[in-house]
Amino acid sequence: MRSDDRNQPAAPEPGPIVQAIIDQLLATITDLEPCDHDKEAFALWISTRPDHLLCGFCYQAAQVLAEAIQCAACPNTAGNPDRDAVFIAKLRDDLGAHIYLCHACTQADLSTLSDLAPPSENSN
Ligand SMILES: [Zn+2]
Ligand SMILES: [Zn+2]
């Protein structure tokens, strides 16, 4: 029942794992230093550079240079476009976040979205 959908791109619905990452980001991101290139511009956080706020240029570079991308929720590697999920979240009007999730966390996050998740170890 969203009345003000503003041309949102089709993106995976963030589940509780992604929401927790976003909440933590919002709580800590004000401590991060923006890069020196363009402090006034829209800033981006990406899980490959968790200690920095990036301008568009640095954000692009961070994606290109990322070799071992770590899942934002666990120590597994992420970034495989065939299996893993990427969430682009707008945190504020001047702030966005690019979150990688590994396959396992993607599945866990998505499964919590269904009302009745199948019991995992409940043999019957
Ligand atoms: Zn920069
Ligand atoms: Zn993970």
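## What you're looking at

This is a predicted model, where local features need pLDDT of at least 70, side-chain atom pairs count only at pLDDT 80 or more, and totals for chains, interfaces and linings use all residues. Residues are numbered from 1 along each chain as its sequence is written, while chains are lettered from A and ligands numbered from 1 in the order in which they are written.

The predictor's confidence in each residue is pLDDT, from 0 to 100. Its mean over the protein chain is 81, and 81% of the residues reach 70 or more. Confidence is lowest in helix H2 (residues 56–65), with a mean of 88, and highest in E5, at 93.

## The overall layout

The protein chain has 3 helices and 5 strands, and from the N terminus on they run α-β-α-β-β-β-β-α. Helices (H or I, at least four residues) and strands (E, at least two) are DSSP runs, numbered from the N terminus.

Of the chain's 124 residues, 26% count as buried. Take the contacts between residues at least 6 apart in sequence: 46% of them join residues at least 24 apart.

## The sheet and its hairpin

Three strands make an open sheet in the order E1-E5-E4, with mixed pairing. E1 (43–46) and E4 are at the edges with a single partner strand each, so one side of each has no neighbour in the sheet. On average, neighbouring strands here are turned by 20° against each other, direction ignored; the axes are lines fitted to C-alpha atoms, for helices over the stretch in contact, and angles run from 0 to 180 degrees between N-to-C directions.

E4 (residues 85–92) and E5 (residues 95–101) pair in the antiparallel sense over 7 bridges, and pairing requires DSSP to find at least two bridges between two strands. The two form a hairpin with 2 residues between them. Going across to E5, Arg 92 has Leu 95 as its bridge partner, and Ile 88 has His 98.

Technical notes
Buried ≥ 20, exposed ≤ 12 C-beta atoms within 10 Å, placed from the backbone. Contact = placed C-beta atoms within 7 Å.
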